[in-house]
Protein chains: 2
Amino acid sequence: MLTLYYARDTISLATHILLEEVGASYAAVRIDFKTTQQRSPEYLRINPKGRMPALVTERGILTETPAMLVYVAQAFRRPDLLSIDDPFAFAEVQAFNAYLCSGLHINHAHRMRGPRWVDANDTAAIAAMQRHVPVSVGANYELIERDMLKGPWVMGERYTICDPYLFTLAQWLEQDGVDPGSVPKVIDHRRRMSARDTVKKAIAQELA
Amino acid sequence: MLTLYYARDTISLATHILLEEVGASYAAVRIDFKTTQQRSPEYLRINPKGRMPALVTERGILTETPAMLVYVAQAFRRPDLLSIDDPFAFAEVQAFNAYLCSGLHINHAHRMRGPRWVDANDTAAIAAMQRHVPVSVGANYELIERDMLKGPWVMGERYTICDPYLFTLAQWLEQDGVDPGSVPKVIDHRRRMSARDTVKKAIAQELA
């Protein structure tokens, strides 16, 4: 059985949703960011990066959302979620998720996780990074809205692992200072995702 | 035929090396960062992100190094470079590359690309980010050295798409302020990669 280590209001929700989508039997273990449990010796033994999420499998422990999403879809024999039968379509799925991982998510992280990139005592630099988030995250959403989100799902008619990933990040869009009126397709996608039973169940578990 | 758009001294070298590894017939088109050609209307039509690299295929244009590496290996029927027959091993390959993409490469980018994350006129914040690069990039290499690089190749005995990716980033290790003496396995890997004919050929093409 799989065990997902997650924290509320983090990117772990993407993998959590996918576990529901594939009908996995899994345990979900909450890590508390308020007590910095992600830096505890116990959790660092599971994920030495001290980050969320981690997925414990029979073969070993996996981290990094783009990798975990592909793994879950493959392990539960759902190639349709990856388009993995078609190298070009699979590459498009991967390119979208890489953009979320190294672009949108990272830019978003400059609002709350400034000390990753400057000295923790440099409040001026931390504030400077926070002020820029609406610009950098806004540019990501502009590109997603204009060029990347095909609709109704990210890759068009087919629901893929890109959908729970975008949905999770789009939860934070307003807090990141992006005007939801400027990204109607992203908001429509978020609404459609919110209506799925799998999404409701994963969120309910995390908030319980 | 494939066309790779690349720029000197950028992450495009990883895909360039892989094209040589698989024996691809491809064209390589240089984009000049000194004249900000990556922001020219011509290049933005190829890659609206204005970033390197981009790979033009018969089916469309791909971006994002982790996606391009998987695509090249699949298109040239080299599943061994991905371990794609084994979902867990493939997930480990993907997790490593996601860590490079959203961790090491991003942290490195704070040395030269500060205005992505703060206002371009805020020289103090840009300098603050630069000063932190040895810390953040150093922590990435510490983890790679200790937990991730199995040796002799990243994934152990099998050479995979992780190898040209790590090699490309490790070119910049000293400039990023990391003591090469602290990461002997990474340096040994870099030396072994440098000795490959495919790597020499890709570098020679880029420097020509």
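Trainee: In helix 6 of chain B, residues 162-170, how many residues are buried?

Mentor: Nine of the nine residues in helix 6 of chain B are buried, so the helix is mostly covered; buried means under 20% relative accessible area, exposed over 50% and partly exposed in between, with a 1.4 Å probe and protein chains only. Keep in mind that this is a predicted model, where local features need pLDDT of at least 70 and side-chain atom pairs count only at pLDDT 80 or more, while totals for chains, interfaces and linings use all residues. As for bookkeeping, residues are numbered from 1 along each chain as its sequence is written, chains are lettered from A and ligands numbered from 1 in the order in which they are written, and side-chain values use heavy atoms, leaving out hydrogens and water.

Helices here are DSSP runs (H or I, at least four residues), as are strands (E, at least two), numbered from the N terminus. The buried set in helix 6 of chain B includes Cys162(B), Asp163(B), Tyr165(B) and Phe167(B). What do they pack against? In chain B, the partners are helix 1 (12-21), helix 3 (65-75), helix 4 (87-112), helix 5 (123-148), helix 7 (184-194) and helix 8 (197-207).

Now look at Tyr141(B). Setting aside neighbours within four places in sequence, Tyr141(B) is in contact (heavy atoms within 4.5 Å) with Leu166(B), Leu169(B) and Ala170(B), among others such as Leu104(B) and Val186(B). Leu166(B), Leu169(B) and Ala170(B) are among the buried residues of helix 6. In the largest nonpolar core, which has 118 residues, Tyr141(B) is one of four that touch the most other members, along with Ile144(B), Tyr141(A) and Ile144(A). Such a core is a set of buried Ala, Val, Leu, Ile, Met, Phe, Trp, Tyr and Cys residues joined through side-chain atoms within 4.5 Å. Another core, of 16 residues, lies apart from it, with Ile106(A) and Ala125(B) among its members.

Step back into the loop between helix 5 and helix 6 of chain B and you find Thr160(B). Thr160(B) counts as buried because its relative accessibility is 0%. Beyond its sequence neighbours within four places, Thr160(B) is in contact with Asp80(B), Leu81(B), Val93(B) and Met155(B).

Then there's the other chain. In all, 47 residues of chain A are in contact with 47 residues of chain B. Since 100% of the interface residues of chain A are also interface residues in chain B, the copies meet through the same surface. The rule finds four salt bridges across that interface, a salt bridge being a side-chain nitrogen of Lys or Arg within 4 Å of a carboxyl oxygen of Asp or Glu. Asp86(B) makes one with Arg59(A), with the closest N and O atoms 2.9 Å apart. On the chain A side, strand 4 (61-63), helix 3 (65-75), helix 4 (87-112) and helix 5 (123-148) each supply at least two residues. Helix 4 of chain A gives the most, with 15 residues.

Finally, Thr63(A) sits in strand 4 of chain A. Thr63(A) has a relative accessible area of 10%, so it is buried, and its contacts include Ala95(B) as well as Asn47(A) and Met68(A).
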